[in-house]
Amino acid sequence: MIQTPRPRVLALALLSATVLLASGCKPPEKKTDDATAAASKDGALAIPGLATEKEQASYMIGMDMARTLEPIKDEVDVKALEKALNTVLSGGKPLMTDEQAQKVRESFAQRLQANEAAKAERQAKDNLAAGEKFLAENAKKPGVVTTASGLQYRVVRKGTGAKPGATDTVRVHYKGQMLDGKTFDSSYDRNEPVVFPLNQVVPGWQEGLQLMPVGSKFQLWIPSKLGYGERGTPGGPIQPNSTLVFDVELLDIVKGDAPAPAPAQ
């Protein structure tokens with residue numbers, strides 16, 4: 001199952017370009033064609049519009065900075081950013097003091113945090129309404145069973161093995177989707193089943209897996225209250241109050257010492 005990542009500190013996004021340059025981090029390498037990979041006499045790549053190594057390195061830095069700032073691009077005035085870069089790199093006098101910059105930084109961080117909180121609140125409200133509407137309609141479909149908790153499931157294939165208990169460790173294959181059909185996680189894509197103690201996953205999984213004999217394949221519809229709730233997965237793929245859809249195959253109940261659950265990204 002998905003492991004909830006630590007929340008990202010969006011308030012520091014504007015500073016991360018500096019960290020990127022100072023730490024020497026590199027973006028993921030991309031394949032290039034032969035023409036782009038060809039080097040000129042001074043060692044620069046043959047890139048139209050960027051003749052020298054210095055131009056190419058500068059453009060690369062600009063790309064890294066832009067990608068770092070992309071999540072908050074609506075908060076950035078590019079002309080003011082260019083002005084600051086030109087002033088500082090040329091040894092000029094900045095328009096604000098370090099003390100003023102710190103105050104602006106703190107105010108900016110607070111604004112980003114407030115914007116993020118407001119966005120999450122809107123998402124939570126919209127997702128809750130969409131989930132309730134979907135589940136009400138889904139409950140009427142043939143083969144769909146709704147439990148007392150609100151979990152919905154449909155038996156795709158019923159196995160003949162034992163059913164796991166609340167504290168058992170299980171091996172499963174699964175695919176997780178949003179209501180719009182977007183896949184956010186899949187052990188099938190990794191071609192590797194996942195092993196985890198049943199009492200360490202979200203309540204919807206705990207209940208659903210205990211209904212499944214080994215060898216079964218079920219489709220589960222998990223309301224937000226039985227999934228990741230009002231928080232979702234901060235910084236991850238699941239928004240607050242999301243209703244989730246899972247295709248789950250129970251392959252085995254693992255006896256004895258079992259490996260720790262593998263995080264699914």
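Is Glu70 buried, partly exposed or exposed? Glu70 is partly exposed, because its relative accessible area is 42%. The cut-offs are these: buried means under 20% relative accessible area, exposed means over 50%, and partly exposed lies in between, with a 1.4 Å probe and protein chains only. I will come back to Glu70.

First, some ground rules. This is a predicted model, where local features need pLDDT of at least 70, side-chain atom pairs count only at pLDDT 80 or more, and totals for chains, interfaces and linings use all residues. Residues are numbered from 1 along each chain as its sequence is written, and side-chain values use heavy atoms, with hydrogens and water left out.

Now the overall layout. The protein has seven helices and seven strands. These are DSSP runs, numbered from the N terminus: helices are H or I with at least four residues, strands are E with at least two. Along the sequence the order is α-α-α-α-α-β-β-β-β-α-β-α-β-β.

Some totals. The protein has 265 residues, and 33% of them are buried. Its accessible surface is about 17000 Å². Carbon and sulfur atoms account for 55% of that surface. The areas come from the Shrake-Rupley method with a 1.4 Å probe, and for residues only the protein chains shown count as cover. Next, contacts, meaning heavy atoms within 4.5 Å. Take the contacts between residues at least 6 apart in sequence: 70% of them join residues at least 24 apart.

Let us go to strand β7. It spans residues 244–254, and nine of its eleven residues are buried. Which strands pair with β7? Strand β3, residues 169–177, is joined to β7 by nine bridges. Strand β6, residues 217–222, is joined to β7 by six bridges. Both pairings are antiparallel. To count as a pair, two strands need at least two bridges found by DSSP. Here are two examples you can find on screen. Thr169 has Val254 as its bridge partner in β7. Phe218 has Val248 as its bridge partner in β7.

Stay on β7 and pick Leu250, which lies in this strand. Leu250 counts as buried because its relative accessibility is 1%. What does Leu250 touch, leaving out residues up to four places away in sequence? Its contacts include Pro164, Val170, Val172, Leu209 and Met212. Look at Pro164. Leu250 and Pro164 are 86 residues apart in sequence, and their C-alpha atoms are 9.3 Å apart in space.

Next, helix α7, residues 203–210. Its buried residues are Gly204, Trp205, Gly208 and Leu209. They sit on the same side of α7, because they cover an arc of only 115° around the axis. That arc is taken from the directions from the helix axis to the C-beta atoms. What do these residues pack against? The buried residues of α7 pack against β3, β5 (194–197), β6 and β7.

In soluble globular proteins, nonpolar side chains tend to be buried together. A nonpolar core here is a set of buried Ala, Val, Leu, Ile, Met, Phe, Trp, Tyr and Cys residues joined through side-chain atoms within 4.5 Å. The largest one has 27 residues. Those with the most contacts inside it are Val172, Phe196, Trp205, Leu209, Phe246 and Val248. Elements giving two or more residues are β3, β5, α7, β6 and β7. The largest share, five residues, comes from β7. Take Val172 and set aside its neighbours within four places in sequence. Val172 is then in contact with Phe196, Trp205, Leu209 and Val248, among others.

Last topic: charges. Side chains of opposite charge can pair when their charged atoms come close. The structure holds five salt bridges. Each needs a side-chain nitrogen of Lys or Arg within 4 Å of a carboxyl oxygen of Asp or Glu.

Back to Glu70, as promised. Glu70 forms a salt bridge with Lys73, with the closest N and O atoms 3.7 Å apart. Lys73 is exposed, with a relative accessible area of 51%.

A second salt bridge joins Asp252 and Arg171, at 3.4 Å from N to O. This pair links distant parts of the chain: Asp252 is in β7, Arg171 is in β3, and they are 81 residues apart. Asp252 is partly exposed at 31% relative accessibility, and Arg171 is partly exposed at 29%.

Arg190 is partly exposed, at 36%. Asp185 is buried, at 3%.
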